[in-house]
Amino acid sequence: MHQIVNPSILYFGTPVVLISTLNPDGTTNLAPMSSAWWLNDSCMLGMSRRSQTVQNILREGRCVLNLPSADLVDAVDRLALTTGREDVPEDKAQMGYVYEPQKFGVAGLSAAPGESGWPDRVAECPVQMHAVLEDSRDVSGPTLAALEVRIVQTWMDDAILNPERRHHVDPGRWRPLIMSFTEFYGLGAQLRPSRLAAVF
Ligand SMILES: Cc1cc2nc3c(=O)[nH]c(=O)nc-3n(C[C@H](O)[C@H](O)[C@H](O)COP(=O)(O)O)c2cc1C
């Protein structure tokens with residue numbers, strides 16, 4: 001039996017991304033987000049234009065996409081309800097958001113110092129990617145932005161790599177943190193071998 005419903009959100013489950021961006025003073029802001037999907041070497045990011053992150057990406061044209069594994073869930077949750085914006089928007093303040101200039105410290109994460117002109121990477125994240133902004137557009141009104149970024153350099157922890165094919169992630173070793181309808185989940189065990197995997 002299916003019901004016709006009007007869901008307030010359609011967050012069916014996507015990996016969490018910690019985005020590092022450069023603030024105007026050269027410090028690194030860090031923010032969790034999960035409206036992200038991937039195509040070849042590009043990624044689409046869905047984020048509020050009123051976040052410090054989007055303001056920083058539109059100004060600097062670059063960001064670092066850090067992918068946390070499921071065991072970093074407590075660190076990610078400590079970043080919830082924080083913003084790198086000193087002037088916290090009124091509606092966010094009413095939701096309990098606070099200005100936090102020291103996101104790494106609050107989360108208990110370590111900054112891997114950025115290469116020249118780049119924000120710091122999150123040392124604990126098994127995947128860290130430099131990305132440049134290619135395009136941006138409004139989604140569902142003027143407040144939300146879809147940012148198309150292109151990955152230009154990628155760091156991966158040995159622990160998630162396929163021992164025989166060193167430039168490939170072993171999906172059995174990669175345990176992403178998933179956000180589904182604003183709750184945190186991990187992945188279950190592999191269900192069966194994939195026929196598509198055989199041709200890649
Ligand atoms: C796990 C998690 C996922 C989130 N996903 C998104 C998202 O996909 N898009 C978005 O605009 N905000 C998302 N948020 C809220 C942002 O983190 C929030 O707007 C934050 O204030 C942004 O920080 P900034 O203002 O320093 O950039 C998410 C928050 C959490 C904790």
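These legends walk through a few close-up views of a predicted model. Residues are numbered from 1 along each chain as its sequence is written. Local features need pLDDT of at least 70, side-chain atom pairs count only at pLDDT 80 or more, totals for chains, interfaces and linings use all residues, and side-chain values use heavy atoms, with hydrogens and water left out.

**View 1. A three-stranded open sheet, in the order 1-13-14.**
The pairing here is antiparallel. Strand 1 (14-15) and strand 14 (183-185) sit at the edges with a single partner strand each, so one side of each has no neighbour in the sheet. Strand 13 (residues 178-180) pairs with strand 14 over three bridges, and M179 stands opposite F184. Strands here are DSSP runs of E, at least two residues, and helices are runs of H or I, at least four, numbered from the N terminus; two strands pair if DSSP finds at least two bridges between them.

**View 2. The largest nonpolar core, with 21 residues.**
A nonpolar core is a set of buried Ala, Val, Leu, Ile, Met, Phe, Trp, Tyr and Cys residues joined through side-chain atoms within 4.5 Å, where buried means under 20% relative accessible area with a 1.4 Å probe, protein chains only. V17, I19, M33, L45, C63, L65 and V149 have the most contacts inside this core. Elements giving two or more residues to it include strand 2 (17-22), helix 1 (52-60) and strand 12 (144-156). Strand 12 gives the most, with four residues.

**View 3. What does C63 touch?**
Leaving out residues up to four places away in sequence, C63 touches I19, S20, T21, I57, W118, P119, M129, H130, A131 and V149. Contact means heavy atoms within 4.5 Å. Elsewhere there is a second, separate core of 14 residues, and L18, L109, L177 and M179 are among them.

Oxygen atoms of the ligand take part in several pairings: 2.9 Å to a polar backbone atom of Q52, 2.8 Å to an N or O atom in the side chain of K92, and 2.8 Å to a polar side-chain atom of K103. Taken alone the ligand exposes 630 Å², and the protein buries 88% of that.

Key. Buried means under 20% relative accessible area, exposed over 50%, partly exposed in between (1.4 Å probe, protein chains only). A polar contact is a pair of N or O atoms within 3.5 Å; within protein, one must be able to donate a hydrogen and the other to accept it, and residues adjacent in sequence count only if both atoms are side-chain atoms. Accessible areas come from the Shrake-Rupley method with a 1.4 Å probe; for residues, only the protein chains shown count as cover.
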